[in-house]
Structure formats: C-alpha cells, structure tokens
Amino acid sequence: MKHSRTTDQVIHKRTIGIIATTAAVVAFLMAGAPAANADGRVSYSGSVPSWATAQNDQGAAPADETVQGEIYLPLRDLKGAENLAKQVSNPSLSGYRRALSPAQWIARFSPSQADYASVLAFLTTAGLTIQGTPDSRQYVVFRGTPQQLGSVFGTSLHAYDYAGHRLVAPSSAPSLPAAIGAKVSGVSIEQSRTLTRPDSIVQGDIGASETPQVSRKAATAPVIQTPCSHYVGEHVVTVPPAYNGQTGYSTYNCGYTPQQLRSAYGLTDLTRRGVNGSGQTVAIIDAYASPSILQDANGLAQQNGEPLLTASSYQQLVPPASQFTDQAACQYPSGWQGEQTLDVESVHSVAPGARILYVGGTDCGGGLDIAMSKILDNKLANIVSNSYGNVGEAVPADVIQGEVDLQLQAAGEGIGLYFSSGDHGDEAAPNEVGHPSPDFPASSPWVTSVGGTSLGIDKNGAIAWETGWGDQLDKIVKNADGTLAYTSALPGALFAGGAGGGVSAVFSAPEYQRGIVPQALSNGYRVSPDVSALADPYTGFQIGIRPIVDDTTLATGDYVNETYGGTSLASPIVAAQIAIVQQATGKTIGFANPTLYAVHRVLPSAFRDVVPQNPPQALVYTSRNSGNSYFITLDQDTSLKTARGYDDVTGLGGVSFSLLSLVAQGRH
C-alpha cells in the first residue's frame, strides 16, 4: 500500500487554522494510496497546499517562469523504517545504536531501481529538466514551465497570495497516469518551500522603522548613549523606572567571542586538554554558498587568536553559481550568506578541532533535499545542523511525508539532524501564518528541534542569567521638560524576534515526549523544541563577514564584524557540543531525542532548566540606523511561554557537556 501522507495524521482542532479547503481536509483523513480515477489516472489531493484557495487565487501562473517540482516515491517498508529508527534511537530497545550503513538502508527501504527508472524516464520524456536524483531514489527534483507541468500532471498552475507572497500551486489535485502513479506517493508542483528561510537575525533588525537609511542624513541623536557591553553589566545606563522601579540596566552585548561561548558552556578546560571536537565532522546545510567563507571564518579566528580553518578542517560541496535557482523567491545568495557564515563560525568557535562539511543547495526547496541526500547517502557526517525552516507547517501532506522519509533514513543510519526552531515565535503575526504554529521541519518528531535563549555572560565568563528568547521593545523618548519616558506600557508594542515552537497540528506526540511534555500543552501532539541554546541577537555572537554586494557576480565588500542571533545560532552551538561529547566518550549519539527525554525522566537536574525570572531581565539598545533607543524586555515570546520543566520556548532546557555526556553514554 502506498502512503500519501504522514503516518498517524489526523484532524486536530488546531488544524482548522491551517487546513482551509475540503480537499485538504480529505487528504489529511485519507489512509493508503491515492485511488485511480475513472480516466485511469492517480490523483494526489495531498499535494495541494492549504493556501491554494479561490480566495487567494491571482489567476494563471506567469507563462515565462519555470517552477520547481518534486516527485516522491514511497519507501518499500515505511513501518519497518519507522521501527528501525525507533530501535536505533531508543536506549530501552535491543537495537539501540545498531545503525545501518547507507548501502544497507537503501537496499532495505528505498524504492526499487526499476520503479525509479520508470519515473525518471516519464519525467524526461515529458521534456522536464531534471535537477536532482539522489542515490536513495526517494525523489526526483525537476523544473518546467507552468504549461508543461499542468499538461504532465493534469491540472493548471495558478498564482496565489499567501502571507504576503505570490506563490504558484496547482488549482486542482495533480495526477499521473496509473502506470506511473502506482509507483509515486506524492507530487510537489507548488512553491510553499520557497518560504524556507534562514533562522538568523542580525542585531538591530527590528522592523520597517529600523531599515538602514538610504540617504546620507545622520541618524537622530540618541536620547541615551548606550555603548555595547562585552559582558553583561559592563555598561549600565539609566532609564525611566521599569520593573520594581529599577532604573539601571545593562546595555546590549557587542557580540560574544569564541572564548566567551566556550567558557559559558563549560568547555574551556576541555578545549585546553584537546577535547575540542577532533575526529568528528559537523555537516551544515544551507542554500547557495558564500564566496568568501574561508576568508571570513579565518578573519574572525585570527581576530580572536583562534586556530584557522584549513583544507582538511573545512570542506564544502556546493553547486556552481550558474546552477542557483529561485534566487528571488529564496532571498538570494546574499540573504543566505550570513546564515552560512554564522553556522560555520559558531561551530568552529565552540568546537575548534571539529571538521566542518558545508553542503549548499541550489535553492531553498528541492535543492536542500539534494544537499541532505548527499550527506545521508554517503554518511559524510553523523551530526547535521540545519538552520532553516518553513513558515509554520503549511506544507502539503505529501511533501511532509517525503521529508519525513529522509529523516527516517538519517535516524536509521545513526545520524542526528538538528533543526533550528524558528525566529518568529508562534508565527501568528499577520504577516506570517496568522495562527499559532511551529515551523516544519523542526516540528517533526524525527529531528531534534533547537530553541533559543537569551544569555548573560559575566566578566569572568560564567552564565550570569539565562532566560527564554523573546524580545519585546519599548521606545524611549525625551519629554519637553527633558525627562525620559516609554512610548507605551512595558514591555512595549514592538516584537523583535523570539524562539519558534509550539504544538504541531500534523504530528502525534512521539512516545519519548509522553509523561514529560504536559498533556495540557500537547493535547496528544508533538511539541517543539527539544533543547535550547543562545539565540538572542542582543546577547548574540559576533561574526566576521565580507557581505555580498552583487548577487549576480557574487562580488563582496570589505570585511566587517556583525552581531547575529536567531535559533540559527542555537542549532550549530548544540551540534558543536555534540561533536565534543562524541570525541570525549567515543560514542555516536545519532538521533538524540529518545535518549534526551529518557535522561530527563530519571535525572531532570541534568538539564539547565530555563525558567521565567521575576522581575524579568532587560537590556537597553540604541539603533545605529535610526538613533532610536529601546528598552528590551526579555522572555516575551508571543504566546509561547517558559516554565519550570518542559516548555515550548526552550524545550527540556539548555544543553551542557555533562548532560550530553549522559546522552552519549545512553544513560537512562
């Protein structure tokens, strides 16, 4: 039986906010293979995105554009692949950490070579351009014009307005001739995945009012001088009375150094003893490729007295720029350059001995799948950091299942996938999805979702405080009499970013979360994140970068330092610590979640629980763009709330070497 949707998908009351059409609802309820129509074609209702509605319809898709498509073939034994992933990852089961090699996994679970050849021949004969064919044979990535795709898949492609974007999708369920449809579990000829974005935020990126000034006019003179602090409390400024009448608050952070990160996470002595990730490989996946990454990473390393990356410690598999596609929809190479830079430099800073493998996608959709498969099909690493995500879970069911199949392959091969949980809180803002939703793929039960914290590091390199990442800003102004005031009641009205998370409307609660995630929160569904690390850009990490100034030529400007945050920082921080622990213990952790939660069951004190603080922590920031000064209240993450124990901002809590050592040893 062919499965066209994620296992165990059912309608949840929150799904109403996501599933907008009867066809989509039926797709989520259906079990088994799509049925052949009377005309001998197999229809894929689970391949129509929820936003492709008459209300959003903008008419026929532009004829002069090409659209990326992806066909998914079902695993030969989906239940078997799920059982293997559980066995390999669960410390209570006999198959714990008895992973298969890529060749063994492909031979046992991948679609047959004959079926794959038939599907590939069908697409090629139809005149479509083939972009990617993984060794695992789980999917084919291709491109075609709307007219070509409509003709091949028995539908018409329209443009739709969704979350402020113009996206192309089929106006009715795509279909295939029965002979081919019998071999195919899902079809994607829509652009929901072009919304996949880096989960990074540059310090000062706080909305339209703070966009860089295009004129030569100087920024407004600030009402408060707020020099950045190299450690929390270095510079304390006076503001109008805030929480409990307090008027003195630390300024925002200049950007932590590699030494400060290692010190805060208790890694300094380990690094001195050579326990620094040596012998381990951390793979990083993003779209496109920075033309200056080695120069930039080594510029930052040199600046901080750190070891340089070499040809043996940094390698990359990237497409030539001529193969980059969907650049405008995917935010261009310049939009992903900071992401790659942050990922590479933070891994190297936390685990300076680890080898880094960067694999770049041709785009932010199927290109990321191809990048992932390069790693999985050859087991190029057993730690993979992915600092990107979709906007919520508004991805067709068939596409989600295709992605889950890749995640099952990773787990079965003993590879841990770490995904950033997102940077926009619960995504309910009007310009996002309009209702609370976690981001996929981080919402999947087969990956480790990494949430975010705000982290105060003191002058001795120790953690002074840690709270959930959620920045709410209140502008400080000067009254006519010279006194200072807030423009609105604290904590203010401007949300400037916060960790993603929340309750999935797609995935049932995995067994490992039951009894730990409160039932009142989960209501029987997967909740993310799982763990957390530093993510707040106002307590962020300083990178070195030569920004791309021309996306056509990929020309770069001068080297500059910028301070970054986002769960794109948290995910590589966790991945780097995994590398250090694997070196120290000689164990390969693989998919970590079942062991993480098992450790929490018997030793919750192993986790650094991130709880609300009373009064809340706050910082003061002045924008270099506008000159405006802001009071930033921390731990204000939309509807997501930190709490004692598990919460949907930081998960089980912050990671540490001692905790991950227990995970590596399989303690439970």
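**Ground rules.** Two strands pair if DSSP finds at least two bridges between them. Strands (E, at least two residues) and helices (H or I, at least four residues) are DSSP runs, numbered from the N terminus. I'm looking at a predicted model, in which local features need pLDDT of at least 70 and side-chain atom pairs count only at pLDDT 80 or more, while totals for chains, interfaces and linings use all residues. Residues are numbered from 1 along each chain as its sequence is written, and side-chain values use heavy atoms, with hydrogens and water left out.

I started with an open sheet of three strands, in the order β2-β6-β7 with antiparallel pairing. Which strands stand at the edges? They are β2 (57–60) and β7 (165–170), each with a single partner strand, so one side of each has no neighbour in the sheet. From one strand to the next, the twist averages 30°. I then looked at how β2 meets β6 (residues 157–162): two bridges join the antiparallel pair. Opposite D57 I found Y160 of β6.

**Disulfides.** I counted a disulfide wherever a pair of cysteine sulfur atoms lies within 2.5 Å. The structure holds two of them. For burial I used relative accessible area: buried is under 20%, exposed is over 50% and partly exposed is in between (1.4 Å probe, protein chains only).

The link of C228 and C254 is right-handed, with 95° about the S-S bond. It ties distant parts of the chain, 26 residues apart: C228 is in the loop between β11 (201–202) and β12 (236–238), and C254 is in the loop between β13 (248–250) and α7 (258–264). Are these cysteines buried or exposed? C228 counts as partly exposed at 25%, whereas C254 is buried at 9%.

The other joins C330 to C364, S to S 2.1 Å. Its torsion about the S-S bond is about -75°, so the C330 and C364 disulfide is left-handed. This pair also links distant parts of the chain, 34 residues apart, with C330 in the loop between β15 (314–317) and α10 (332–350) and C364 in the loop between β16 (355–361) and α11 (366–376). Both C330 and C364 are buried. Numbering the bonded cysteines in sequence order, I get the pairing 1-2, 3-4.

**Around α9.** Next I followed α9 (residues 293–303), whose axis comes within 10 Å of the α10 axis and crosses it at roughly 50°. Axes here are lines fitted to C-alpha atoms, for helices over the stretch in contact, and angles run from 0 to 180 degrees between N-to-C directions. That makes α9 oblique to α10; angles under 35 degrees count as roughly parallel, over 145 as roughly antiparallel, 65 to 115 as roughly perpendicular and the rest as oblique.

Which residues of α9 meet α10? I293, D296, A297 and L300 meet Q337, Q340, T341, V344 and E345, where contact means heavy atoms within 4.5 Å. An α-helix has 3.6 residues a turn, so residues three or four places apart point the same way. The buried residues of α9 include I293, N298 and G299. The buried set packs against β15, α10, β28 (541–545) and β31 (560–565). After α9 comes G305, with a positive phi near 70°.

**Strands at β31.** β28 and β31 pair in the antiparallel sense over five bridges, and I543 stands opposite E562 there. β11 is also joined to β31, by two bridges and antiparallel; V202 faces Y564.

Y288 is not a glycine, but has a positive phi of about 65°. I found Y288 in the loop between β14 (281–287) and α9, and at 0% relative accessibility Y288 counts as buried. Q331, also not a glycine, has a positive phi of about 80°. Q331 sits in the loop between β15 and α10 and counts as partly exposed at 36%.

I also noted two cis peptide bonds. One runs from F440 to P441, with omega near 15°, and P441 is in the loop between β19 (416–420) and β20 (448–457). Another joins N614 and P615, with omega about 0°; P615 is in the loop between α15 (593–602) and β32 (618–622).
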